[in-house]
Amino acid sequence: MTDTYAVFGNPINHSKSPYIHRHFAEQTGEPIAYTKQQVPEGEFEPAAETFFAQGGKGLNVTVPFKLDAYRYAARLTPRARRAGAVNTLALEPDGTVLGDNTDGIGMVNDMHNLGWELAGKRVLILGAGGAVRGILPPLMEQKPASLTIANRTLHKAEQLAKGFADLGAITPAGFESLEGQQFDLVINGTSASLGGDLPPLPESLLAPGACCYDLMYGAEPTVFLQWAEAHGAEKRADGLGMLVGQAAESFYLWRQIRPEVIPVITELRRKLSAKKGA
Ligand code: NDP
């Protein structure tokens, strides 16, 4: 029997999730159907109710509904509770709906696949929004030497540092106070790239051999990754692997099988490049 899954968002047209999950289903032989649904703002709850009432087994949830999904879930995984946001809902055997957040583990797994070491590294995160909340718990589990969060609005970085203090020391910062500091890994979690903007970063921010990761992805290197290349970053990656990684963890939660991410990342990258050339 085919089980039904979907992604809810608004807008949803460009979502790559149906493609990714169809790939996973073919790869693993799991009998699933996966669709996308544009949900009007303010109507997440009735839409989710209807989906599960009609036999749906699980949902992915994207902008702007991650907070609605957090409120909707009857139970939460510890990492979803910490993140304050849910990107995956799973129908449990007892009929309740479990909320999880797989964004952070998707990013950490991608860095492992890239061969990047996180333990003992000086890590800087740019931004203090929803995505950064999601990546903090799995990132802290990797035991970096230090973690700094720099944000345009300083008090949001301070709030995160305070809220996650039990996971380890986090230093909040404004961009100007990064002057004179160096980091081994810099993660861009701002949405500045979307508008082609870059936070103001000191010239000497990157330590020798530094890695730079942008949560955003695209056919071309993002402005942050262009900056990273110009400033001597040894390794650079965008968030396409994170997107596939979070999907793989959702699939695992639903089907208890972890699909291979590399062939799907490779295929999506090929499609993105082909679009650029078209
Ligand atoms: P939020 O709106 O929650 O947070 C935006 C953050 O960006 C805030 O810290 C904000 O600072 C900062 N910011 C926005 N514009 C600028 C600017 N011009 N200069 C400096 N800082 C700026 O967004 P999300 O956390 O949901 O998303 C962040 C990024 O992560 C997006 O690009 C999104 O596409 C990406 N993402 C990728 C995923 C993947 O799977 N690859 C998954 C989830 C997100 P302030 O607080 O001062 O406003």
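## A buried aspartate and a ligand pocket

Aspartate 184 is buried, with a relative accessible area of 16%. That label follows because anything under 20% relative accessible area counts as buried. Keep in mind throughout that this is a predicted model. As for where aspartate 184 belongs, look in strand β10, which covers residues 183-188.

Is glutamine 37 buried or partly exposed? With a relative accessibility of 33%, glutamine 37 counts as partly exposed, because that class takes in whatever falls between the 20% and 50% limits.

Now to the ligand, which sits in the largest pocket. Two elements each give two or more residues to the shell around the ligand, namely α6 (130-141) and α9 (240-255). The shell itself splits into 7 nonpolar, 9 polar and 3 charged residues. There are 19 residues around the ligand, and the ones that come nearest are Ala131, Asn151, Thr153, Lys156 and Leu215.

Which protein atoms lie 2.9 Å or 2.4 Å from an oxygen atom of the ligand?

| Residue | Protein atom | Distance to a ligand oxygen atom |
|---|---|---|
| Alanine 128 | polar backbone atom | 2.9 Å |
| Threonine 153 | polar side-chain atom | 2.4 Å |
| Lysine 156 | N or O atom in the side chain | 2.9 Å |

On its own, the ligand has 940 Å² of accessible area, and the protein covers 75% of that. Threonine 153 and lysine 156 also turn up among the residues that come nearest to the ligand.

Back to α6, one of the elements in the ligand shell. Which residues of α6 are buried? They are Val132, Gly134, Ile135, Leu136, Pro137, Pro138, Leu139 and Met140. Just past the end of α6, lysine 143 takes a positive phi of about 55 degrees.

Technical notes. Residues numbered from 1 in each chain as written. Predicted model: local features only at pLDDT ≥ 70, side-chain atom pairs only at ≥ 80, totals over all residues. Heavy atoms only, no water. Near = heavy atom within 4 Å. Polar contact = N/O pair within 3.5 Å; in protein donor to acceptor, adjacent residues only side chain to side chain. Areas by Shrake-Rupley, 256 points an atom, 1.4 Å probe, with all protein chains shown as cover. 1 Å grid on protein atoms, 1.4 Å probe; cavity = no way out; pocket = protein on both sides within 12 Å on 5 of 7 lines; lining within 4 Å. Sits in = over half its atoms within 2 Å of the grid points. Helix = DSSP H or I, 4+ residues; strand = E, 2+ residues; numbered from the N terminus. Nonpolar A, V, L, I, M, F, W, Y, C, P; charged D, E, K, R; others polar. Buried < 20%, exposed > 50% of the residue type's maximum accessible area, 1.4 Å probe, protein only.
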